[in-house]
Amino acid sequence: MSDETKHENGNGHGSYERQDLRPSGILYFLLGLAVATLLCILALKGLFAFLEHREKASQPPVNPLVTNVPADTRRVAPGYPQSAFPSPKLEEDERGQLNDIRMNEEKVLYTYGWVDEKAGTVHIPIERAMDLLVERGLPVRSQGATGESAPKTETNSKKSETTEANKKGAKK
């Protein structure tokens with residue numbers, strides 16, 4: 001007897017499975033899958049409800065001096081930190097506040113505007129300022145100004161006046 005199996009049919013072509021899968025088998029499988037999913041969801045909800053009840057029971061009582069405490073401390077109500085805490089407050093929206101600061105800085109750096117309208121001082125975009133600096137160059141001191149002593153400032157003149165007054169008081 002030979003161990004060879006015949007994989008061909010009589011006319012030389014390969015064979016195929018002659019029995020098809022019935023639609024009822026597919027529907028039963030999908031129904032079983034839906035029931036198993038529903039049971040898992042219900043089991044998880046029950047588990048979370050049990051754990052939540054146990055966690056609430058083990059919480060220490062809230063200090064009676066604390067006011068405006070929300071009923072559920074794990075979920076923050078909208079507007080709660082702003083209404084409950086006195087000033088000064090910590091940052092509430094770091095990204096938003098930083099974004100506002102950066103937008104204001106970019107507005108100053110890249111637009112025209114008034115610094116002091118009464119004095120006629122304006123700010124110009126940084127690109128334009130760099131172009132003007134290249135065209136006009138940096139301001140240069142004259143060579144005669146480097147050898148001179150520093151001009152008297154208001155604080156220097158006040159100091160000299162007080163020392164002169166002290167000398168006059170000592171002479172009297």
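Modeller: Start with the contacts in the protein chain, where contact means heavy atoms within 4.5 Å. Among those between residues at least 6 apart in sequence, 0% join residues at least 24 apart. This is a predicted model: local features need pLDDT of at least 70, side-chain atom pairs count only at pLDDT 80 or more, and totals for chains, interfaces and linings use all residues. Residues are numbered from 1 along each chain as its sequence is written, and side-chain values use heavy atoms, with hydrogens and water left out.

The protein chain has 6 helices and 2 strands (DSSP runs numbered from the N terminus: H or I, at least four residues, for helices; E, at least two, for strands). Their order from the N terminus is α-α-α-β-β-α-α-α. Of the 172 residues, 2% count as buried (under 20% relative accessible area; exposed is over 50%, partly exposed in between; 1.4 Å probe, protein chains only). The protein chain exposes about 17000 Å² (Shrake-Rupley method, 1.4 Å probe; for residues, only the protein chains shown count as cover). Carbon and sulfur atoms supply 59% of that area.

Now the close look, at helix 1. Helix 1 spans residues 23-57. The count of salt bridges comes to 1 (a side-chain nitrogen of Lys or Arg within 4 Å of a carboxyl oxygen of Asp or Glu). Its partners are glutamate 52 and lysine 56, at 3.7 Å, N to O. Both lie in helix 1, 4 residues apart, about one turn of the helix. Glutamate 52 has a relative accessible area of 31%, so the residue is partly exposed. Lysine 56 reaches 53%, so lysine 56 counts as exposed.

Helix 1 also holds leucine 33. Leucine 33 belongs to a nonpolar surface patch with Leu21, Ile26, Leu27, Phe29 and Leu30. Together the six side chains' residues have about 650 Å² of accessible area. Patch members have over 30% relative accessible area and no salt bridge; like charges are joined within 9 Å, nonpolar side chains (Val, Leu, Ile, Met, Phe, Trp, Tyr) within 5 Å. Leucine 33 is partly exposed because its relative accessible area is 45%.
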